[in-house]
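The sequence and the model are shown first.

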Amino acid sequence: MKSIFTCLFFFISTVFYAQNISYNGTTYTVKGEKIFNNSNDVTSSLTDIDKEAVFNAHKTELQKLKDIEEADKKLIKAQKKEIKRVKAQEKKLKSAEKKLKKAEKEAKKRASIQKSLEKAENKLKKETKKYEKLQKKGKLSSEDTIKYQKKIDALKDKVNKLSKKLRKL
């Protein structure tokens, strides 16, 4: 937006400057089809060759200004295009970062579930060994057997739930 105002200001100031033409060491001001020197109309006092030279110089100045204005417009258009491209790139980058965060979060969750599953499996093995060992020795009462069976069943359920959860991810 700043560049637009800068270019507009530059163009306006050059338009006013372009009306002043130097020819043979004299500064003339061209307004429409009239030529002025120090606010006096000198169009009729100049020769046809001088008039033509002043008008040609004026046309050349105006053409230079138009060329500058076109170049400014092209530059502004290119800047806008670059801004759009950068914004699109930033949007893609933001999207990629979001996907990466999501993937990291999912990997962290997967690792956590895997760790919990390993702990539960180890605990199940330990409790099963302990139960079998005590059962072989005959040191379990019927109440203890029921208690161990419930405990082992609960651990099996936990392992199954965690393994299902892990497969879903």
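Lys-31 lies over the face of Phe-36, at 5.9 Å from the ring centre; a charge counts as sitting over a ring if NZ of Lys or CZ of Arg is within 6 Å of the ring centre and within 35 degrees of the ring normal. The model is predicted, so local features need pLDDT of at least 70 and side-chain atom pairs count only at pLDDT 80 or more, while totals for chains, interfaces and linings use all residues. Residues are numbered from 1 along each chain as its sequence is written, and side-chain values use heavy atoms, with hydrogens and water left out.

Both residues of this contact also take part in strand pairing. The bridge partner of Lys-31 is Lys-34 in strand 3, and that of Phe-36 is Asp-41 in strand 4. Strands (E, at least two residues) and helices (H or I, at least four) are DSSP runs, numbered from the N terminus, and two strands pair if DSSP finds at least two bridges between them. The pairings are listed below.

| Strands | Sense | Bridges |
|---|---|---|
| Strand 1 (residues 20-23) and strand 2 (residues 26-31) | antiparallel | four |
| Strand 2 and strand 3 (residues 34-37) | antiparallel | three |
| Strand 3 and strand 4 (residues 40-41) | antiparallel | two |

Asn-20 stands opposite Thr-29 in strand 2, and Val-30 stands opposite Ile-35 in strand 3. Strand 1 and strand 2 form a hairpin with two residues between them, where Asn-24 in the turn has a positive phi of about 50°. The hairpin of strand 2 and strand 3 also has two residues between its strands, and Gly-32 in that turn has a positive phi of about 65°. In the hairpin of strand 3 and strand 4, again with two residues between the strands, Asn-38 takes a positive phi near 55°.

Helix 2 has 90 residues and reaches 132 Å from its first C-alpha to its last. This is close to the expected 134 Å, the expected span being 1.5 Å times one less than the number of residues. Just after helix 2, Gly-138 takes a positive phi of about 75°.

A search of the whole structure finds one aromatic pair. Tyr-131 and Tyr-148 form this pair, which is tilted, with 5.9 Å between the centres and 35° between the planes. The pair links distant parts of the chain, with Tyr-131 in helix 2 (residues 48-137) and Tyr-148 in helix 3 (residues 142-168), 17 residues apart. Rings of Phe, Tyr and Trp (its six-membered ring) pair if their centres lie within 6.5 Å; planes under 30 degrees apart count as stacked, over 60 as edge-to-face and the rest as tilted. Both Tyr-131 and Tyr-148 are buried, that is, under 20% relative accessible area with a 1.4 Å probe and protein chains only, where over 50% is exposed and in between is partly exposed.
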